[in-house]
Amino acid sequence: MEAEMNCNNLPNFLSSFVDTFVDFCVAGIFLPDPPSPPLFQTSFPSPDRLIAIGDLHGDLLKSKQALRLAGLIDSNDRWSGGSSTLVQVGDVLDRGGQEIKILYFLEKLKREAVKSGGNVITMNGNHEIMNVDGDFRFVTPSGLDEFTNWADWFCIGNNIKRLCDGSEKPRDLYDGIPSSFPRVKQEYAKGFRSRIAALRPQGPIATRFLSKNLTVVVVGESVFVHGGVLPNHVVYGLERINEEVRDWIIGLKDKVASSLVRGRNSLVWMRKFSNEVAKDCDCSMLEHVLSTIPGARRMIMGHTIQEGGINGVCGNTAIRIDVGMSEGCINGLPEVLEINEKSGAVKIRILTANPVYQNKNDSGEIKEGIGLLIPQQVQVEA
Amino acid sequence: MGQDQSKPTDSPVPIPKRSESESEPKPESESSTPPSMESLLAEATAYGNKDKDLSMEEKAQKALECPCIQNLRSGPCGSQFSDAFLCFLMSTAEEKGSECVIPFVALQRCIQTNPNAFPKDVLENDDVAKEEKKKPVEDYKIIPPRSRVQQSERVVFNNLVSEPSC
């Protein structure tokens with residue numbers, strides 16, 4: 001707070017107090033200042049160390065375990081990844097009750113990471129898109145509770161701001177949202193109202209968190225996407241895809257093309273390269289896609305649960321990292337992918353909490369392109 | 001999962017109409033609206049010159065005297081508000097406010113016990129409040145989960161917002 005405080009600008013101070021207080025009530029954390037200008041780019045150079053983490057689905061505890069496994073957070077939950085880059089491939093929402101808390105936590109890590117030269121990239125999965133669309137088929141009762149609680153505090157915050165003359169009058173959170181819904185028990189209506197308010201285009205949670213997500217991103221030699229990238233998406237333009245999805249989320253554009261984010265051939269829904277049965281993966285199509293993205297050598301995807309853990313097919317050009325770790329999925333053991341492509345030879349490892357791999361400590365590193373990826377067990381702190 | 005999705009509504013975000021009425025000045029509420037611009041400016045100038053010699057705490061204490069937050073400082077959670085706001089204003093931590101867990105928790109608990117500690121309607125006249133309740137809603141379609149949250153019979157769609165707004 002650089003400016004001198006006086007009664008004229010007090011509403012600004014009050015407003016930032018209220019925001020901090022509401023964040024604390026909703027997520028129990030204090031956020032550091034945001035980086036400026038905000039990062040929104042589609043390709044990044046190879047970082048010193050790259051970590052990819054799969055679908056989180058409302059399970060904060062598992063999310064933290066995975067991040068700790070990767071050495072990206074310390075025992076106080078602060079960023080300890082230095083100049084590493086983290087990519088989370090989407091599906092933070094649905095199937096669990098700590099969706100907002102994960103969004104906040106990733107936001108906190110983003111801000112902390114930037115300060116130590118690192119980077120946290122978050123992405124849209126099909127469940128982010130569904131929620132912005134009002135498709136709540138995978139919402140849980142605890143997920144409704146978390147959004148109700150958020151909305152309550154958000155409104156109390158708005159009321160406090162409005163009680164101080166001079167604060168801008170915020171638009172009604174529930175503007176245009178009905179009070180009941182067909183086929184929904186009235187006891188859950190408030191939860192759905194809150195969820196719509198938060199996540200619809202222009203909604204506070206959509207704008208604050210989801211609008212910063214990328215839908216496809218290239219980091220060094222790796223293309224990250226929730227479902228997969230097809231040739232027509234490359235032709236459409238990866239940067240354009242990211243911008244159009246973002247503009248829809250922030251309400252700048254009314255629509256976003258369904259070929260991008262809805263339907264079985266969209267970037268966030270497709271399973272062509274993530275099918276658990278290796279022979280069902282379209283390796284030649286993948287090869288073609290990768291050849292049209294400059295510098296790309298592999299695609300890293302979430303979306304399809306890999307019961308056997310993170311794995312690669314098509315000569316490790318398709319790496320599938322959704323291990324269904326959320327309790328709302330298969331409660332899978334946390335695993336993350338680590339890529340180090342800085343010093344010439346590319347090293348890809350799977351860091352896993354699975355005790356089966358306990359004795360294979362240093363044999364985990366393998367050279368890109370040789371056989372299977374070998375998981376390496378890392379102790380997860382309780 | 002896996003099914004194709006079609007977008008429920010084209011534009012679920014209604015911006016117009018209401019914003020007009022909001023941005024227009026409301027003559028009758030003028031008298032109930034605390035201090036005018038002039039008095040605020042006068043306040044500010046009065047503080048302005050002396051400020052440099054004041055400590056952080058004294059500045060924050062002075063800020064608490066500003067008219068616009070007197071409403072907030074009265075009422076059931078007034079003292080908790082004052083403590084939390086004062087702490088925040090004086091915070092020098094990188095995560096601003098992070099030293100304020102104790103007063104924040106106190107304010108949080110007080111609001112939980114007194115949900116109407118900071119009512120939104122204090123400064124508004126009744127007409128405005130009533131008008132807000134008549135706002136039409138969009139034909140909002142959502143797809144609820146199949147399980148517990150659904151009820152068997154269809155509920156008649158209520159086309160007016162009767163829920164409290166925010």
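Two residues are in contact here when they have heavy atoms within 4.5 Å of each other.

1. What you are looking at. This is a predicted model, where local features need pLDDT of at least 70, side-chain atom pairs count only at pLDDT 80 or more, and totals for chains, interfaces and linings use all residues. Residues are numbered from 1 along each chain as its sequence is written, chains are lettered from A and ligands numbered from 1 in the order in which they are written, and side-chain values use heavy atoms, with hydrogens and water left out.

2. Look for Thr215(A) in the loop between helix H7 (204-208) and strand E5 (216-219) of chain A; helices (H or I, at least four residues) and strands (E, at least two) are DSSP runs, numbered from the N terminus. Leaving aside neighbours within four places in sequence, Thr215(A) is in contact with Met123(A), Asn124(A), Phe224(A), Val225(A), His226(A), Ile241(A), Asn242(A), Val245(A), Leu267(A) and Val268(A). Thr215(A) is buried, with a relative accessible area of 0%. (Buried means under 20% relative accessible area, exposed over 50%, and partly exposed in between, with a 1.4 Å probe and protein chains only.)

3. Another loop threonine. Thr304(A) sits in the loop between strand E7 (298-301) and strand E8 (311-313) of chain A. Its relative accessibility is 11%, so Thr304(A) counts as buried. Setting aside neighbours within four places in sequence, Thr304(A) is in contact with Arg271(A), Ser274(A) and Asp322(A).

4. Two backbone angles to look at. Most residues other than glycine have a negative phi. Asp91(A), however, has a positive phi, near 65 degrees. Asp91(A) belongs to the loop between strand E3 (85-88) and H3 of chain A, and it is buried, with a relative accessible area of 0%. Cys314(A) also has a positive phi, near 55 degrees; look for it in the loop between E8 and strand E9 (318-320) of chain A.

5. H5 against H6 in chain A. The axes of helix H5 (residues 141-163) and helix H6 (residues 186-199) of chain A come within 8 Å and cross at roughly 65 degrees. That makes H5(A) roughly perpendicular to H6(A). For the terms: axes are lines fitted to C-alpha atoms, for helices over the stretch in contact, and angles run from 0 to 180 degrees between N-to-C directions. Angles under 35 degrees count as roughly parallel, over 145 as roughly antiparallel, 65 to 115 as roughly perpendicular and the rest as oblique. Among the residues that meet are Phe147(A) and Trp150(A) from H5(A), and Tyr188(A) and Phe192(A) from H6(A). The residues of this contact of H5(A) with H6(A) divide into nine nonpolar, four polar and three charged. (Ala, Val, Leu, Ile, Met, Phe, Trp, Tyr, Cys and Pro count as nonpolar, Asp, Glu, Lys and Arg as charged, and the others, Gly among them, as polar.)

6. H3 in chain A. Helix H3 (residues 99-115) of chain A packs with H5(A) at an angle of about 65 degrees, their axes 8 Å apart. Glu99(A), Ile100(A) and Lys101(A) of H3(A) make this contact with Gly143(A), Glu146(A), Phe147(A) and Trp150(A) of H5(A). By class, the contact of H3(A) with H5(A) has three nonpolar, one polar and three charged residues. H1(A) and H3(A) pack too, at about 125 degrees with axes 9 Å apart, and are therefore oblique to each other. There, Asp23(A), Val26(A) and Ala27(A) in H1(A) meet Ile100(A), Lys101(A) and Tyr104(A) in H3(A).

7. Over to chain B. Its secondary structure comes to seven helices and zero strands. Of the 166 residues of chain B, 36% count as buried. Which residues of helix H3 (residues 56-64) of chain B are buried? They are Lys59(B), Ala60(B), Ala63(B) and Leu64(B). Seen down the axis of H3(B), they fall within an arc of 145 degrees, so they line one face of the helix; the arc is that of the directions from the helix axis to the C-beta atoms. What covers them includes helix H1 (10-27) of chain A, together with helix H4 (70-73) and helix H5 (78-90) of chain B.
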